[in-house]
Amino acid sequence: MHVGTKFVASSSALALVLAIPAVASAQSAPGAPAQGGSGSCPPGSWFCAPPPQEQAAPAGKPVESGQGLQPLPDPSEPAPPPPAAHRAPSVTYEPAPAPPPVVVYQPPPPVMVVRPETPPPYEYERPTREPVSRAKEWGLNLHLEGASIGSGYQHDASMGGLGAGLRFKPSRYFGIESDLDFVGGHGYIGDLRNETALSFNALVFVNPKSRAQFYFLGGLGWSWAHSRNDPSSSDMMFDNHYSYFGGQAGIGLELRVTRVLAFNIDLRGFIRGRTDQLAQSQPEFTDSMGRSTNTSGGGLLTGGMTLYF
């Protein structure tokens, strides 16, 4: 393609070189129109030169007034490249860059302060224990006792003995007991005395579920006494029988060892009066000032055991 182009250009340049003398002679020939004429050419002329103002201007460049023909290009110089055809600029499409990864920012979860719930107060369950006593029971009481009745006329008054009782408890808090007691010793007036007493008492237990149970007692009773003189201390001979009625009250403690066996101790105070036929005519006690009375009293200290069934 480049060799053909050079050949065409060379041929065109050679033709122009050969035509230039002829054109010049034609312009300088006589009868040629003057400047400003009609511009007609003689017959037989190859070229008719247009007036100077009508010369064609090169493409893309205006022709100035009075400007002559442009010189021919030098054949030795390379031909200029053909004008580039008007075409749309080439557009190279490149793939769009990959979008950055989508990052979703989420706020951290709120800090939750978990406070443990206040536990309910712990209730200690006390081990349930079976009461040591039955809800209803009978008991046989055996006891020893000592009586305190004062020093007496001879300062030798003292009595002691033993007894037995039958107890019935319809509940753990309450009981009824009947006692039969036998005591003997020296009486208040220095006599030898022995007595038999029958009493009925009510017992109230304060804490029946414990092994050590406190109780109160109170009741009524009768007693019969036989009194005679002591030959070692008096030459007076007498032999008397007395009967009494009175009441007593006291406090005691019972220790339940098992359901069957218990030990007890109590202190009782008593007061009584004579009920026999000679009470009005023969008073039992007379002091040095001649005052007499048939009322007596004292204290009893008893201790023993009870068998429950």
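View A. The model shown is predicted. The lining of this pocket comprises 36 residues, and those nearest its centre are Glu-195, Ser-223, Phe-270, Arg-272 and Leu-300. By class, the lining residues of the second largest pocket are 16 nonpolar, 13 polar and seven charged. At least two lining residues come from each of strands E1 (137-148), E3, E4 (192-205), E5, E6, E7 and E10 (295-308).

View B. One cavity of 30 Å³ or more is present in the structure. Its lining consists of Asn-141, Arg-167, Glu-177, Leu-203, Tyr-215, Leu-217, Asn-264, Asp-266 and Arg-268. Four of the lining residues of the largest cavity are charged, three are nonpolar and two are polar. Strands E5 and E7 each contribute at least two residues to this lining, and E7 gives the most, with three.

**View C. A nonpolar patch on the surface has about 1,100 Å² of accessible area in total.** The patch is formed by Tyr-173, Phe-174, Ile-176, Val-204, Val-206, Phe-214, Phe-216, Ile-251, Leu-253, Ile-265, Leu-267 and Leu-301. Two or more of the patch residues are supplied by each of strands E3 (174-186), E5 (212-228), E6 (239-256) and E7 (261-274).

**View D. Phe-214, one of the residues of the nonpolar patch, is located in strand E5.** Phe-214 is classed as partly exposed because its relative accessibility is 44%, a value between the limits of 20% for buried and 50% for exposed residues.

Terms used: Residues are numbered from 1 along each chain as its sequence is written. This is a predicted model: local features need pLDDT of at least 70, side-chain atom pairs count only at pLDDT 80 or more; totals for chains, interfaces and linings use all residues. Side-chain values use heavy atoms; hydrogens and water are left out. Patches are made of residues with over 30% relative accessible area and no salt bridge: like charges are joined within 9 Å, nonpolar side chains (Val, Leu, Ile, Met, Phe, Trp, Tyr) within 5 Å. Accessible areas come from the Shrake-Rupley method with a 1.4 Å probe; for residues, only the protein chains shown count as cover. A salt bridge is a side-chain nitrogen of Lys or Arg within 4 Å of a carboxyl oxygen of Asp or Glu. Helices (H or I, at least four residues) and strands (E, at least two) are DSSP runs, numbered from the N terminus. Buried means under 20% relative accessible area, exposed over 50%, partly exposed in between (1.4 Å probe, protein chains only). On a 1 Å grid over the protein atoms alone, a cavity is a set of points where a 1.4 Å probe fits but cannot get out, and a pocket is an open set with protein on both sides within 12 Å along at least five of seven lines; lining residues have an atom within 4 Å of a point. Ala, Val, Leu, Ile, Met, Phe, Trp, Tyr, Cys and Pro count as nonpolar, Asp, Glu, Lys and Arg as charged, and the others, Gly among them, as polar. Grid points are joined across faces, edges and corners, and a volume is the space filled by probe spheres set on the points.
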